[in-house]
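Below you will find a few exercises, each with a solution to compare with your own.

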Amino acid sequence: MGGAEFLRRYGVVVALLALLAFNAAFTPNFLSWQTVNVNLTQACAIVIVAVGMTLVVASGGIDLSVGSLMAISGALAPLVFTGALFPLPSHGVGIALAFVLPVAVAALLGLFNGWLVTRFSIQPIVATLVLFIAGRGIAQVVTNGNLQVFREPGFQAIGLGRVAGVPVQVVLMVLIVAVAAFVLTRTLYGRQLLAVGGNARAAHLSGINVRRVRCLAYVASGALAGLAGLVVIARNGASDANLVGLGMELDAIAAVAVGGTLLSGGRASMIGTLLGALVIQLVRYTLLANGVPDAAALVVKAVLIIAAVWIQQRSLGKAG
């Protein structure tokens, strides 16, 4: 096994262990439960969005709209459970609808992305740029640009609740990764998704409905972005259309690339994406905890993406 292939397979594990070792040695209180809890909960939204991004990238696409879809979902939920959008028959129904409707809207917008890509053969980066630009504007229009502050324990359980001492959002994150990994590796759809990402023309000639496969990936990405938006606002007890999901597309793409998913499509790893997201979160935490401005984390994440792509290219070059 060559150096590039080793890094492709195990680089994310090496990076995660190195970050853990560095922080354990130099960052005060890093090994405390409070620090572990902070990093895990902060990583949850990244992981949830990155799982959807992994599906899209595996199909040979990209989704730049995930941050804006988080903002739209986060803007809608408080309007639903407060009854500002329409009358509610009961409080409990409002809470239930606040979980369902925003995610459904985000999924429909994901379908819109997939429709642009498959029906009009628009490059995914251009097609999803539409909602990247317009989506946050939609969220601001829905809320009239106002910050929505709320205290609703039934809704906030998704961000603040615990199950046997474990944060609900962490349990949700693990379940989503497990289900997505099963779909990707154990189902017909997963095999078709990787086939489409590897060679769409060959997949079409073999009888695979390429449009349907790609559309479903964008729908899943939209729905998961919507769910992540709910987690974020529930944790914060506030929804700001200007800030929810801001920069999340970079975090998700970085997690996918660092986790070993081939950015040109055809090869993906959900566990790698999970580890990649943890690396992204730990990079941010390490810099902040050691007095480095948050803006520097953006540079580091960009470098990580470049390094991951370089390693992929080296690995593919040697394989070829």
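The exercises go from helix pairs to cores and then to loop residues.

This is a predicted model, in which local features need pLDDT of at least 70, side-chain atom pairs count only at pLDDT 80 or more, and totals for chains, interfaces and linings use all residues. Residues are numbered from 1 along each chain as its sequence is written, and side-chain values use heavy atoms, with hydrogens and water left out.

**Exercise 1.** Find how H3 and H4 are oriented to each other, and describe their contact.

*Solution.* Start with the axes, lines fitted to C-alpha atoms over the stretch in contact, with angles from 0 to 180 degrees between N-to-C directions. Helices here are DSSP runs (H or I, at least four residues), numbered from the N terminus. Helix H3 (residues 66-81) and helix H4 (residues 91-119) have axes 8 Å apart, at an angle of about 150°. The two are therefore roughly antiparallel; angles over 145 degrees count as such, under 35 as roughly parallel, 65 to 115 as roughly perpendicular and the rest as oblique.

Next, list the contact (heavy atoms within 4.5 Å). On the H3 side it includes Leu69, Ile72 and Phe81, and on the H4 side Gly94, Ile95 and Leu109 are among the residues. By class, 15 residues are nonpolar, two polar and none charged, where Ala, Val, Leu, Ile, Met, Phe, Trp, Tyr, Cys and Pro count as nonpolar, Asp, Glu, Lys and Arg as charged, and the others, Gly among them, as polar.

**Exercise 2.** Work out how H11 is oriented to H2 and to H12.

*Solution.* Take H2 to begin with. The axes of helix H2 (residues 33-58) and helix H11 (residues 248-258) come within 8 Å and cross at roughly 65°. That makes this pair roughly perpendicular. Their contact has 11 nonpolar, one polar and two charged residues.

Now turn to H12. H11 packs against helix H12 (residues 270-289) at about 125°, with axes 7 Å apart, which makes H11 oblique to H12. Among the H11 residues in this contact are Asp251, Ala255 and Val256, and these three also take part in the contact with H2. The H11 and H12 contact divides into seven nonpolar, three polar and two charged residues.

**Exercise 3.** Which residues touch the most other members of the largest nonpolar core?

*Solution.* A nonpolar core is a set of buried Ala, Val, Leu, Ile, Met, Phe, Trp, Tyr and Cys residues joined through side-chain atoms within 4.5 Å. Buried means under 20% relative accessible area, exposed over 50%, and partly exposed in between (1.4 Å probe, protein chains only). The largest core has 77 residues, and Val51, Met53, Met70, Phe155 and Leu193 touch the most other members. Helix H10 (residues 210-236) gives the most to this core, with 14 residues.

Then look around Phe155: leaving out residues up to four places away in sequence, its partners include Phe81, Ile95 and Leu230.

**Exercise 4.** Are Ser65, Asn29 and Ser121 buried or exposed?

*Solution.* Ser65 lies in the loop between H2 and H3, and its relative accessible area of 0% makes it buried. Beyond four places in sequence, Ser65 touches Asn113, Thr128, Leu131 and Phe132.

Asn29, in the loop between helix H1 (3-26) and H2, is exposed at 61%. Ser121, in the loop between H4 and helix H5 (124-142), is exposed at 61% relative accessibility.

Finally, check phi. Most residues other than glycine have a negative phi. Asn29 has a positive phi near 60°, and Ser121 a positive phi of about 55°.
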